[in-house]
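Work through the exercises below with the sequence and model open. Try each task before reading its solution.

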Amino acid sequence: MKAAAGSKNKTRIAIVLGIVAILTVARALMTSGGPANEPTSTTASSPEKKKSALASQSLDPRLRLDLLENSEKIKYEGKGTNIFRAGAEPVEIAKAKISPLLRKQQEDAAVKAHLPPPPPPINLKYFGITNSKGEKPKAFLSQGDDVWIAHEGDVVNRRYKIVRISPTGIEVEDLLNNNRQTIAISQG
């Protein structure tokens, strides 16, 4: 008996839910806009009513030829730019007039800018000389922790050629930069 009573209750609940669903669908169809809902008064309607009327018309699937004709009459006037070009149009900027004095200064600066930079200094240290009879003079040179003993015409550190050795200084040529420099003997 209890099983039959449970199924009767389920059936009753299903019927009540079905009726509620039918009423809900019927109410939605009635309010969606039909001849019964259109205003019957001849007085002027408010702006909200006009907007709702336009919204209901926009959902109408029929083709409105008057709107199509209006859209065909519109001419594109644009701003003169090419809408099919990816980049921006080049902009011409008028050049300001430059005084002759300023122009001369700019030209001088451009000439100075094109001059090659001065060659780097030769960083050898000359710290001694030997003068023995019957031998060419030898110069003692250092660079950091490296020490060289060189004659005139020798190449030191695969870069510097010893041109002339004297007791007060030596003349060295940088073979990479084609630069000659005289290095004085250092004390201490």
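**Exercises on a predicted model**

This is a predicted model, in which local features need pLDDT of at least 70, side-chain atom pairs count only at pLDDT 80 or more, and totals for chains, interfaces and linings use all residues. Residues are numbered from 1 along each chain as its sequence is written, and side-chain values use heavy atoms, with hydrogens and water left out.

**Exercise 1. Classify Phe140 by accessibility, then describe its aromatic pair.**

Step 1. The structure holds 1 aromatic pair (ring centres within 6.5 Å, with the six-membered ring used for Trp; planes under 30 degrees apart are stacked, over 60 edge-to-face, the rest tilted).
Step 2. Phe127 and Phe140 form this pair, with 6.1 Å between centres and 40° between planes, which makes it tilted.
Step 3. The pair links distant parts of the chain: Phe127 lies in strand β1 (residues 125–130) and Phe140 in strand β2 (residues 138–143), 13 residues apart. Helices (H or I, at least four residues) and strands (E, at least two) are DSSP runs numbered from the N terminus.
Step 4. Phe127 is partly exposed too, because its relative accessibility is 39%.

**Exercise 2. Find the residues of the largest nonpolar core that touch the most other members.**

Step 1. A nonpolar core is a set of buried Ala, Val, Leu, Ile, Met, Phe, Trp, Tyr and Cys residues joined through side-chain atoms within 4.5 Å.
Step 2. The largest one has 14 residues; Leu124, Tyr126, Leu141, Ile162, Ile170, Val172 and Ile183 touch the most other members.
Step 3. β2, β3 (146–150), β5 (160–165) and β6 (169–174) each supply at least two residues.
Step 4. β5 gives the largest share, 3 residues.
Step 5. Leaving out residues up to four places away in sequence, Val172 touches several residues, including Leu124, Ile162 and Ile183. Contact means heavy atoms within 4.5 Å.

**Exercise 3. What share of the 188 residues counts as buried?**

Of the 188 residues, 12% count as buried.

Conventions
Buried means under 20% relative accessible area, exposed over 50%, partly exposed in between (1.4 Å probe, protein chains only).
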